[in-house]
Amino acid sequence: MNLSPVVIAIPIYFLLMGIELIVLRFQENPSYRLNDAITNINLGVMSQVTGVFIKVLSIGVYTLVFENFALMQIQSNIWTFLLLFFLYDFCYYWAHRMSHEINLFWGGHVVHHSSEEYNLSVALRQSSTQTLWTFFFYLPLALIGFDPISLVLVSGLNLLYQFWIHTEAIDRMGFLEKFMNTPSHHRVHHGRNPKYIDKNHGGTFILFDKWFGTFKEEEERPTYGITTPVKSWNPVWVNISHYSSMKEELGQIHNWKDRIRYLFKKPGWLPDYLGGYRAPKEVEPNYEKFNTTMPNPLNYYVFFQYVLLMGLTAFFLFNLDTFGILSKILISGLIVWSTVSFSGIFEQSKWYHVQEVLRITIFSLFIWYVGGEMLSENIMWIVLSVYAFVSYFWLWLNLNTVKKFQAQIQNNTQNA
């Protein structure tokens, strides 16, 4: 069984999101939208399933350094654990800060900031590539002599701590604001207002920001998101959109020296002959968040399919050790494909209906393959047949509804 603290806490995540949703309703705070929240969770799912492969690199390199170059081997006890927790957050601060200040690294971190809402689901909005640009910040801990198991545990706990601070339901927290990262401090970090950008990088503690000059107190509530909104619910595109922009801009840069500088300068930097650094601008008063609308029956459809996908994902992550490499690749591919298909429904893409029909078929066959030993063949056949029939009928039933809904939106737009 996968004993990662992050994986074990999955049921708690959803419980806390449910509680937050109720609290926000009482506070009349509409910070949850179904399309945004599911995209957030989709990106978390993608991060976890791709992390199955990428973490082999990061943990493997850490273990290699620890076993061959550690200056000592630090004994594990409560005091060394607390020391490691503090030192890990120090390394996290610099990894996080550089992820904001180096353009290439920002490509791995921008995913987390791209939601225009701020709630607990945003905590799950994680990148699939960030580990590539940050894992080496923690290698000094291996050189000191902290073993890989302790590192994995501490990193999981650090990430768990950061979950609850992604909320507007909690205001200031008094004395804790002086040394701990809190919802107020982290709201600042997620703001796209120029005065809030690149502030409050700490994970658990806010001390490092105060020591190194990146601390900012929350004044008015921030406008959340990034200066160039991604405007998509597709989790794959959200992960690669910044790299795509980088590719286009690199093509405009004339020499290799400036191209290297472009990679490692702040996001927004360009050579002087292309206009120079593009500083963040104030948010326009009439700015509207990216949004798409569709008939409620299709919202319910996506939610129904999503619950089933979360079941498969949880089963996969909790039982990683029982799968071979080919099975891991196939299951990961199916999960990622499903998240992309849901985004197609949200965005009413032309291909969404055909792709979803195909996905349901393959999803059913795969569940038959994976779960064949859990239920009898007859029961499994009945369950999957009912699932496929209900899903196909649901999609077919809403084809005309979608066309009428789109026509109505188009008429309203023309009359506005």
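Reply: A residue is called buried when its relative accessible area is under 20%, exposed when it is over 50%, and partly exposed in between, with a 1.4 Å probe and protein chains only. This is a predicted model, in which local features need pLDDT of at least 70 and side-chain atom pairs count only at pLDDT 80 or more, while totals for chains, interfaces and linings use all residues. Residues are numbered from 1 along each chain as its sequence is written, and side-chain values use heavy atoms, leaving out hydrogens and water.

With that in place, E168 is buried, its relative accessible area being 12%, and this residue forms a salt bridge with R221 (a side-chain nitrogen of Lys or Arg within 4 Å of a carboxyl oxygen of Asp or Glu), the closest N and O atoms being 3.8 Å apart. E168 lies in the loop between α9 (148-163) and α10, and R221 in the loop between α11 and α12, so the pair ties together parts that are 53 residues apart in sequence; helices here are DSSP runs of H or I with at least four residues, numbered from the N terminus. R221 itself is partly exposed, at 38% relative accessible area, and it also pairs with E218, where the closest N and O atoms are 3.4 Å apart. E218, for its part, is buried at 5%.

Another pair sits within a helix: the side chains of D258 and R261 meet in a salt bridge of 3.3 Å, N to O, and, as the two are three residues apart in helix α13 (residues 256-264), about one helical turn separates them. D258 is buried, with a relative accessible area of 8%, whereas R261 counts as partly exposed at 35%. Returning to R221, salt bridges that share partners join this residue with E168, D171, R172, R187, E217 and E218 into one network. The count for the model comes to 17 salt bridges.

N200, in the loop between α10 (183-189) and α11 (207-212), has a positive phi of about 55° although it is not a glycine, and N200 is buried at 0% relative accessibility. K231 is found in the loop between α11 and α12 (235-252); its phi is near 50°, again positive in a residue other than glycine, but K231 is exposed, with a relative accessible area of 55%.

N35 is found in helix α3 and is buried, with a relative accessible area of 7%. Leaving aside neighbours within four places in sequence, N35 is in contact (heavy atoms within 4.5 Å) with W233, N291, T292 and F346. F346 is also among the residues touched by V302, together with I38, M294, F342 and I345, when residues up to four places away in sequence are not counted.
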